[in-house]
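Please read the sequence together with the structure shown below. The paragraphs that follow lead through it step by step.

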Amino acid sequence: MTDPEDRALASSFNRRAFIGGAAGAVALPLAAKAAGDANTTAVAADLSLPVDLILQINGATKSLDIDSRTTLLDALREHVGLTGSKKGCDHGQCGACTVMVNGRRVLSCLTLALTVQDQPITTIEGLSQGDQLHPMQQAFIDQDAFQCGYCTPGQIVSAIACVKEGHATTDSDIREFMSGNICRCAAYPNIVAAVKQAAPALSDEQKG
């Protein structure tokens, strides 16, 4: 039979082996996480380095040297000097920052400038032809479709896209497809009227 002292030593050894193995199993993921955190920190540091960027804005080419995390809205306002697009909520909920990219309306506060490089961008500043206002701009004036005016640039750009998307055939459609643009002055009936006024002229442009 096995000596009691030998059994005690074997039992002690097994317990030590188990505890040591368990500790190692816990330590490895922690070490891996630490290494991953270090790598993440390194990547984050790289993201702050300036990058060369070319934006096509209102028919003009703009070369920028900016932080790679810069939003399109900040690039337009802070680096190009086009302040027509407004920073409202900065969370993509109010629509004040709406611009068009490739003819499609986007929320510039949620769009990285890098993602729209070399794509045609249209802001409120690019709508008029000299002293000749865009039909939608004129309609907003004719219909008194703004009060404080802060949301108006985004409303106008979004309204143009709404018409071109074919969503301006009824009042209910206009309200639905313009619902992403908030007017805190509640000029919504006048905005609908402005969209309806400008829609025929925009439809003629598309046909032409």
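Where is the place of A186? A186 sits in the loop that runs between α5 (171-177) and α6 (188-207). The model is a predicted one, so its confidence values should be looked at before its details, for where pLDDT is low, the predicted coordinates should not be read in detail. For the protein chain the mean pLDDT is 86, and 77% of the residues reach 70 or more. The stretch of residues 9-13 has pLDDT below 50, and beyond near neighbours in sequence it makes zero contacts in the model.

Back to A186 and its backbone. Its phi is near 65°, a positive value, and A186 is a residue other than glycine. Most residues other than glycine have a negative phi. The relative accessibility of A186 is 49%; because exposed residues need over 50%, A186 counts as partly exposed.

D90 also has a positive phi, near 60°, and is likewise a residue other than glycine. D90 belongs to the loop between α2 (72-80) and β3 (98-101). With a relative accessible area of 35%, D90 is partly exposed.

The loop between α2 and β3 also holds Q93. Q93 has a relative accessible area of 60% and is therefore exposed. Leaving aside neighbours within four places in sequence, Q93 is in contact with G180 and I182. Between Q93 and L110 there are 9.9 Å in space, C-alpha to C-alpha, and the two are 17 residues apart in sequence.

The next step is to the helices. Two packed helices are described by the angle between their axes and the distance between the axes. Helix α4 (residues 152-164) packs with α6 at an angle of about 55°, and the two axes are 9 Å apart. The two helices, α4 and α6, are therefore oblique to each other, and their crossing is right-handed. On the α4 side the residues that meet α6 are Q155, A159, I160, V163 and K164. On the α6 side they are I191, V195, A199, L202 and Q206.

How do α3 and α6 lie, roughly parallel or roughly antiparallel to each other? Their axes come within 8 Å and cross at roughly 155°. Because angles over 145 degrees count as roughly antiparallel, α3 and α6 are roughly antiparallel to each other. The contact is made on the α3 side by P135, M136, Q138, A139, F140 and D142. From α6 it involves I191, A194, V195, Q197, A198, A201, L202 and E205. The crossing of α3 and α6 is right-handed. I191, V195 and L202 of α6 are among the residues that meet α4, and I191, V195 and L202 are also among those in contact with α3.

Is Q137 buried or exposed? Its relative accessible area is 13%, and because buried means under 20%, Q137 is buried. The side chain of Q137 reaches the backbone nitrogen of H134 at 2.9 Å. Leaving aside neighbours within four places in sequence, Q137 is in contact with I124, L127, S128 and I156.

Definitions and conventions:
Residues are numbered from 1 along each chain as its sequence is written. This is a predicted model: local features need pLDDT of at least 70, side-chain atom pairs count only at pLDDT 80 or more; totals for chains, interfaces and linings use all residues. Side-chain values use heavy atoms; hydrogens and water are left out. pLDDT is the predictor's confidence in each residue, from 0 to 100. Contact means heavy atoms within 4.5 Å. Helices (H or I, at least four residues) and strands (E, at least two) are DSSP runs, numbered from the N terminus. Buried means under 20% relative accessible area, exposed over 50%, partly exposed in between (1.4 Å probe, protein chains only). A polar contact is a pair of N or O atoms within 3.5 Å; within protein, one must be able to donate a hydrogen and the other to accept it, and residues adjacent in sequence count only if both atoms are side-chain atoms. Axes are lines fitted to C-alpha atoms, for helices over the stretch in contact, and angles run from 0 to 180 degrees between N-to-C directions. Angles under 35 degrees count as roughly parallel, over 145 as roughly antiparallel, 65 to 115 as roughly perpendicular and the rest as oblique. A crossing is left-handed if the near helix is turned anticlockwise from the far one by less than a right angle, and right-handed if clockwise.
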